[in-house]
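Subject: Structure handover

Hi,

Here is the structure for you to look through. My notes follow below it.

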Amino acid sequence: MSCQVSGFHATHMRLRGMIRKEWLQILRDPSSLAIAFILPLVLLLLFGYGVSLDARHIPLALVVEQPDAQTASLTGAFERSDYFTPTRFSNIQAAQLALKTHQVDGIVWLRNNFGCCLLAGDNAAIGVIVNGVNANQARITEGYIQGVWQTWLQNQSNAEGRDLPIPVTLEHRIWFNPAMRSQDFLIPGLIAVIMTLTGALLTAMVVAREWERGTMEALMVTPIRIWEILIGKLIPYFVLGMGGMLLTVAMARWQFDVPLRGSFWTLLGSSALFMLVALGMGLLISILAKSQFVAGQVAIIVTFLPAFLLSGFIFDISSMPTAVQAITHLVPARYFVAILQTLFLAGDIWPLVLANSSALLLISLIFLVLIKYKARKRLD
Amino acid sequence: MHWLHPLAVMSEVEKQVPEEHALSLREVSRTFYSGGHKITALDKVDLTIPFGKVTGLIGPDGAGKTTLMRLAAGLLLPDAGRIQVLCIDAVANPLAVQSVVGYMPQRFGLYEDLTVQENLDFYADLHGVTEKSRPDRYRELLHMTGLGPFTSRLAGRLSGGMKQKLGLACTLVSPPRLLILDEPTAGVDPVSRRELWSIVDNLVKAEGMSVLLSTAYLDEAERCAEAILLHEGKIVAQGAPADFSETMRGRVFLASQETGNKRHLQSLLTFTPGVLDALIDGERIRLIMESPDTPVPQLDGSTIEPAPPRFEDAFIAALKGKPQAGRPLAPAIQHQSTSCAEDDLVITIENVARKFGDFYAVRDISFSVRRGEIFGLLGANGAGKSTTFRMLCGLLPVSAGRLSVAGHDLRHAAARARGRIGYMAQRFSLYSNLTVLQNLHFFASTYGLRNHHRQERIRWALDAFELAPYGQSNSGEMPLGFKQRLAFACALMHEPDILFLDEPTSGVDPLARREFWQRTNTLANAGVTVLITTHFMDEANYCDRLVIMADGGILTQGTPKEIKTPFCTPEAPEPNMEETFIALIEGREQTP
């Protein structure tokens, strides 16, 4: 037939047609653009600003029973600290009431003998009460109070040349995240979670949509090959997903000031690998689910939740029970979180990057084989 | 034309695959599993369709039409048997089949967020149509479908008829040798149906294309060169439509009476021994006798004369089992009130209007419905039928005017008044992931039926609507005709004496429609008032009285005869309802 092309040209034409059609649909249907760009933005802002494992501006009650020069200098130290927002109370009862009603998270209590005991070189005790409902927060608060107190003590002894009893202090040295900003640690991991969600949702929804609207049936009766349908779906959403990924990386770098110590190209390469895994998961889900609603639900439950809980993005894997640790090996995001945290905070540590990248490559191959096996150009 | 009987012996010569067939199936079987049940969609089907002709696949819902077409398109694998499409084995080489076949699924397969042109381009890419030959082909297709002025319109914004024509154009971008169309005319307006048929006829004549199409409209079967009758996964008969009609010669009669209710005459005739089927046909009753030798029934006050047979008669005769005497098809209804004065007005509407913003969906309509009457609301989509219905059911407030149902305005009526109403919504509103039994239980409980009473009504529903074998099937997986029965059963669980039925027969096959009307008639004869909307013109004749609506107003109202009489002409002494309807619409357009 002279009006019909064949062989390689036909394949090329069909692929081009599929990709062009997907682009038109992406441009006209705001939902896929929203998944690729708005969703990452919302998640990033939510986690970047909303979730922080650092304690700042902890409301603190200061009870000074007998104000004098010593107490004034100590309370001044608390007031100058970034970690606390102190409120003064004149007696312990009022402070305890404030603690009970959650107006403050801790109490520092300087009794009326504080000043004279200090001057006399006696043991000048400070009463510290901390709200222990949130154990993590309590430990942090306690540590910060101790820190302020020690610094003050040090300054006092230096300034007055007097020998004050200084407790043994630990010398801390924190690598990779010297400022101990939890954002620096959370946001790289968050990129993995966001990419899992957008990648899986994008493909899961668009293929299921074709089933739902009955266009898949018409598509399947054309001479198109099944792998052409799959590639035609993967390429546009890969580009879209990588666009979303670049947006999150840019936000991490310039909005949240997370340092990128590794190379950008390593980041791009490993992200591309992980995007393939995420799209593959979505594609597999949509082949099995065939309705947008089910595909969306399944995508969130089997990809987003494990990526969130078991990837080491927020909960440390090495402190999980052994059985759960074993399960985390099945979560692709785990390997990508490790890569991202390394690239952002440490640099191109090749053994680590390569090991995790090979894991991702293996997983993406498994997904592609599964898809090839499951996807048939038939309706049953 | 040959009738296939289980005992008919086919010679080995006939069984060989001749090469001059566009499609041939040999001993093809296909089963599905649904909810643990095995459903046989096709059972050892043997079939050939000729080149260069339109072959119609006709059969009730669930007969296996769509399965057969999907098998032919290589979309499904048969459990057993051979399928040859244009001499290509569809099982072994589906891709080769798909490059020579054009297939339009029931939902047209259009991308609604792409424009007409983009849809065409997409399918041209998939079919490998060269860039050079595209402009000519597009021009041809756009001219043929009349879509030329709309190339930049999104497919989702086209009317139903235009979507259907675009769907057809997309399957034709690379001219297929075999065109398979799955119910292309379902739910499309009469004008578009006519246009689609002229396109198909032209393709066959000009390009020698072979066409296989399925349809639920029996009048369309007569336009096919050959018709295949499929029932419960088996081929019942195949042949020219005229041959089908010919087998009915001597078995078809028209009964008429001077006075009295034609519905009464119909039910009387239905249960007369020897009568296979009795259907209201215009102002008379069309009778199909069990055999040409059966004596014609003699009834006082009515005349019965022979009539020329139609394809529909053969279809009904082939598929219909005689309802057993003693077990009435329709349910028994016990009445709360037995005062059945004929002029007892149950529903009255006075000068009712309904506005949405500036737009009048319904304007100044008045009519009333008597007890035990079947009252029809007829009109095209958007005429205001559904709005009127919703106001009557109390789902929408009126903007002006007064209405009452059984003496109440249902918007403010007590639960007791609502308990007298049965409502069957458009598209049946069943819970598709609940089984038949679960649906019945649910609807029975919403009407407050308890324990023993509920059990009894559910048993009644399963029995009267022949749903017992499907008790455990998910209602979403049943054919439309069964869904309709189930929805009807659910609306009748609490024995209402007023029934609102919104498009109950839409998309349902002729057999199921017949059964539905038989049940409705029996209900009306028992004193139940029925208000029904429909867009099937022939169904208007089944109503005692009706209104025809257009653009929110009433064009005319009365009995079917009163409505048709003004349009009698010497050339057409007996206009049918469709002709009357078109004449009414045209008349209105001429006098603004």
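First, a term: the domain bounds used here come from an automatic or database domain assignment. Please also keep in mind that this is a predicted model.

**Domains of chain B**
Chain B is split into three parts: domain 1 (16-244), domain 2 (245-319) and domain 3 (431-495). How far apart do the C-alpha centres of domain 2 and domain 3 of chain B lie? The distance is 33 Å.

**Nonpolar cores**
The largest nonpolar core holds 234 residues. Residues from chain A and chain B are among those with the most contacts inside it, including Ile191(A), Ala192(A), Ala72(B) and Leu287(B). Helix α7 of chain A (residues 182-212) supplies the largest share of this core, 17 residues. There is also a second, separate core, with 20 residues. Ala61(A), Leu74(A), Val108(A) and Leu110(A) are included in that second core.

Take a look at Ile191(A) in particular. Leaving out residues up to four places away in sequence, Ile191(A) touches Met245(A), Thr248(A), Val249(A), Ala252(A) and Leu340(A).

**Contact between the chains**
Chain A puts 27 residues into the contact, and chain B puts in 28 residues. On the side of chain A that touches chain B, the elements giving two or more residues are α1 (7-28) and α8 (215-220) of chain A. The largest share of that side, nine residues, is from α1(A). By type, the residues on this side of chain A are eleven nonpolar, seven polar and nine charged.

Best wishes

Note on methods: Residues are numbered from 1 along each chain as its sequence is written. Chains are lettered from A and ligands numbered from 1 in the order in which they are written. This is a predicted model: local features need pLDDT of at least 70, side-chain atom pairs count only at pLDDT 80 or more; totals for chains, interfaces and linings use all residues. A nonpolar core is a set of buried Ala, Val, Leu, Ile, Met, Phe, Trp, Tyr and Cys residues joined through C-beta atoms within 7 Å. A residue is buried if 20 or more other C-beta atoms lie within 10 Å of its own, exposed if 12 or fewer, and partly exposed in between; C-beta atoms are placed from the backbone. Helices (H or I, at least four residues) and strands (E, at least two) are DSSP runs, numbered from the N terminus. Two residues are in contact if their C-beta atoms, placed from the backbone, lie within 7 Å. Ala, Val, Leu, Ile, Met, Phe, Trp, Tyr, Cys and Pro count as nonpolar, Asp, Glu, Lys and Arg as charged, and the others, Gly among them, as polar.
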